[in-house]
Amino acid sequence: MAEMLSERYAEDIERACEFLRTCDDVLVVSHVQPDGDAISSTLVIGWLLNKWNKTYRLVNENGVPGRLRELPMAEQIGSYTDAEEPTEKKYETVICVDCADYARIGKIANWVASDARILNIDHHPTNDRYGEAALIRVNAAATAEILYDLLLAAGVELDEQVGTMLYTGLLTDTGGFRYSNTTPHVMSVASELLKLGVEGNTIAERLLETMSMAQLKLIQRGLSRLSFTPDQRIGWLFITPDDMRETGAVNEDLEGLVNYARNVEGVDVGLLFKQIDEQSVKVSMRSSERVDVSAIAQSFGGGGHVRAAGCKVSGALEDIIRQVLERVKQEL
Ligand code: 5GP
Ligand code: MN
């Protein structure tokens, strides 16, 4: 079985390379509210297309989070709203990275022709293999890990620049090489990247250690509301638009907040409810070993990984908290 899978993976890599070699005028997009892996993976594809003298455009709905702006070529990534060229342009060729399903690209879908050729590169178990070509490895820690394999297969020589991009994806999606997805392969890829001169400590300091004052204030608010079920197996907190405004926090400052609920001893599932407006809530789910939160997220129209998943649900905050808690209790 393992051999069959790896054979399929090799074939998928070959098809993805072929797609990349033959494409031009291509839109490279990652998911809404992009994380470190989404931005890094976008940049790695950009780096390769640039090397191969292709015309390309890097984008995601929200642009680059502040702390990722120091990545090489990050200034090339646009957002939905800062489009310089007319937004009526519809791309015929699209590469989606780190997007479990096509809808994850959000409003960028408006820039995609209805019959566009799509290359789908991802590591989410909930990926539905949309697109003309799909390169999916669900046991990869990050999309960046798959891209490392792809670059090797493509026979390109790596440099410190692309090394920094790849390392960032690995670092952020493994929670600093701590989560259970930190495999021997991840560590050996990281080792190869460090040999290229990548400054692992600087990247970790900026992305995992440094905290803005606004983020600290947001954490204070979140922690003051941390609640648990009577058996203390589910912990949750919520953040409102007022919290965001009053602390001056931005979306990326929410990252890691859900872990305070999950990391408490005895807690099986940690939940963060981010109220987007009166009618919608973004839910982040984290689990320890027992519960598959990707299945729970999927039942609310979202997806993700076994231990980290999310969804966007319509309804009032209190109703959604109640519904999700009910659903999680069923799984325990
Ligand atoms: P986070 O809670 O950090 O936003 O996301 C955790 C994981 O769940 C990530 O792997 C992310 O891709 C996935 N995820 C979060 N929100 C959604 C969603 O609305 N739909 C899908 N399919 N996946 C999501
Ligand atoms: Mn990822």
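The model is predicted, and local features need pLDDT of at least 70, side-chain atom pairs count only at pLDDT 80 or more, and totals for chains, interfaces and linings use all residues. Residues are numbered from 1 along each chain as its sequence is written, chains are lettered from A and ligands numbered from 1 in the order in which they are written, and side-chain values use heavy atoms, with hydrogens and water left out.

Several polar contacts (a polar contact is a pair of N or O atoms within 3.5 Å; within protein, one must be able to donate a hydrogen and the other to accept it, and residues adjacent in sequence count only if both atoms are side-chain atoms) can be described. The side chain of Ser284 places an N or O atom 2.6 Å from an oxygen atom of ligand 1. A polar backbone atom of Gly303 is 3.2 Å from a nitrogen atom of ligand 1. His305 has a polar side-chain atom 3.3 Å from an oxygen atom of the ligand. Ligand 1 taken alone exposes 490 Å², and the protein buries 83% of that; such areas come from the Shrake-Rupley method with a 1.4 Å probe, and for residues only the protein chains shown count as cover.

Attention now turns to a helix. Helix α4 (residues 160-173) has 14 residues and reaches 20 Å from its first C-alpha to its last, close to the 20 Å expected at 1.5 Å a residue; the expected span is 1.5 Å times one less than the number of residues. Of the 14 residues of α4, 11 are buried, and the helix is mostly covered. Buried means under 20% relative accessible area, exposed over 50%, and partly exposed in between (1.4 Å probe, protein chains only). Among the buried residues of α4 are Val162, Met165 and Leu170. Thr168 also lies in helix α4 and is buried, with a relative accessible area of 0%. The C-alpha atoms of Thr168 and Ala190 are 22 residues apart along the chain and separated by 9.7 Å.

Strand β1 (residues 26-29) contains Val28, which counts as buried at 0% relative accessibility. Val28 and Val94 are 66 residues apart in sequence, and their C-alpha atoms are 5.8 Å apart in space.

Two loop residues remain. Asn53, in the loop between α2 (36-51) and β2 (56-59), has a positive phi of about 55 degrees although it is not a glycine. Asp98, in the loop between β4 (91-97) and β5 (112-122), has a positive phi near 65 degrees and is likewise a residue other than glycine. Is each of these residues buried or exposed? Asn53 is exposed, with a relative accessible area of 69%, whereas Asp98 is buried, with a relative accessible area of 1%.

Definitions and conventions. Helix = DSSP H or I, 4+ residues; strand = E, 2+ residues; numbered from the N terminus.
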